[in-house]
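Here is a short note for a colleague coming to this structure for the first time.

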Amino acid sequence: MHINSYEEQIKPELTKWQLKMQKRPNFIDRTSKKFQDKINDIIPDKIHEVITGTIKQMVRGVLTGAEFTTGQSIPGASLEEIETAVRKKIDFYKKAGAAEGGITGAGGFWLALAEFPILIGIKIKLLFEIAALYGKPINDYRERLFILHIFQLTFSSQKGRQEVFAQMIQWDQHSRDLPNDIHQFNWKTFQQEYRDYIDLAKMAQLIPGIGAAVGLIVNYRLLDQLGKNAMNAYRMRWFEERMLGGERTLLPTTA
């Protein structure tokens, strides 16, 4: 496999990310999860039902809908050219998400709640834009599943992140075993597992008094984190696809 200077340059960053995705939960991870659970307990059950329903519809829409089919690839582009365009997209969505979150967060509880599905849409739209730039056929539901895996990877506990990451390794090979009929995929189970972890930090925007600050800062950081995970996920596939003779990428593992 021929590796150019840019690919050599980003490999250490990719390796660091791969190790991070595989590391075991530490004390900080466990403590953060407990704090997130406390925030979760503050939110009324009816609000949880709305959020769960929103996520359910989002998963359905990503798998079967046509609203996330926009995006332009760059024919014949190098990885460096692709990632220059990807970084511009991420920067645009970070600023847009932060502005939108600050406005709705300052608007009070119900406006912040209404913003929740909007933010999910912004995140998913960003992922579809990134996938298209990397030349992925986003009309293929297997590619849409990969997008959902990136989404889940970003907003999971460390334990959940390990499990999701393991499913993403050698995706092109793994995806061949997925059912041809999208309706055979157990999306309900996926949604339930996803709901256990998704955006618990974001739910703090619903708490009166801190909504505006959370909306501005958290939206920016969440979209930044999502973009970085997406870039590294597609970098991993880029190198996997270029291994000669179907050999596996040398994936670093934790002890």
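1. Is F155 buried or exposed? In this predicted model, F155 has a relative accessible area of 6%, and because the cut-off for burial is under 20%, F155 counts as buried.

2. F155 also takes part in contacts through its ring. The rings of F151 and F155 have centres 5.3 Å apart, with their planes at 65°, so this pair is edge-to-face. F151 counts as buried because its relative accessibility is 0%.

3. A second case of a lysine over a ring involves K11 and F239. The charged end of K11 sits over the ring of F239, at a distance of 5.4 Å from the centre of that ring.

4. Turning to the aromatic pairs in general, a search of the whole structure finds six of them. One of the pairs is formed by Y134 and Y234, whose ring centres are 5.1 Å apart and whose planes are at 20°, so the two rings are stacked. Y134 lies in the loop between α5 (109-133) and α6, while Y234 belongs to helix α10 (residues 211-241), so the pair ties together parts of the chain that are 100 residues apart in sequence. Both Y134 and Y234 are buried.

5. Helix α6 spans residues 141-154, and L145 lies in it. L145 has a relative accessibility of 1%, so it counts as buried. Along the sequence L145 and V62 are 83 residues apart, yet in space the separation, taken from C-alpha to C-alpha, is 8.2 Å.

6. Which residues of helix α7 (residues 158-168) are buried? They are Q158, G160, R161, V164, F165 and M168. Seen down the axis of α7, these buried residues fall within an arc of 145°, so they line one face of the helix. As background, an α-helix has 3.6 residues a turn, so residues three or four places apart point the same way.

7. A last point concerns what comes after helix α7, namely Q170, which follows the helix and has a positive phi, near 50°. A reader checking the backbone there may wish to look at Q170 itself.

Conventions
Residues are numbered from 1 along each chain as its sequence is written. This is a predicted model: local features need pLDDT of at least 70, side-chain atom pairs count only at pLDDT 80 or more; totals for chains, interfaces and linings use all residues. Side-chain values use heavy atoms; hydrogens and water are left out. Helices (H or I, at least four residues) and strands (E, at least two) are DSSP runs, numbered from the N terminus. Buried means under 20% relative accessible area, exposed over 50%, partly exposed in between (1.4 Å probe, protein chains only). The arc is that of the directions from the helix axis to the C-beta atoms. Rings of Phe, Tyr and Trp (its six-membered ring) pair if their centres lie within 6.5 Å; planes under 30 degrees apart count as stacked, over 60 as edge-to-face and the rest as tilted. A charge sits over a ring if NZ of Lys or CZ of Arg is within 6 Å of the ring centre and within 35 degrees of the ring normal.
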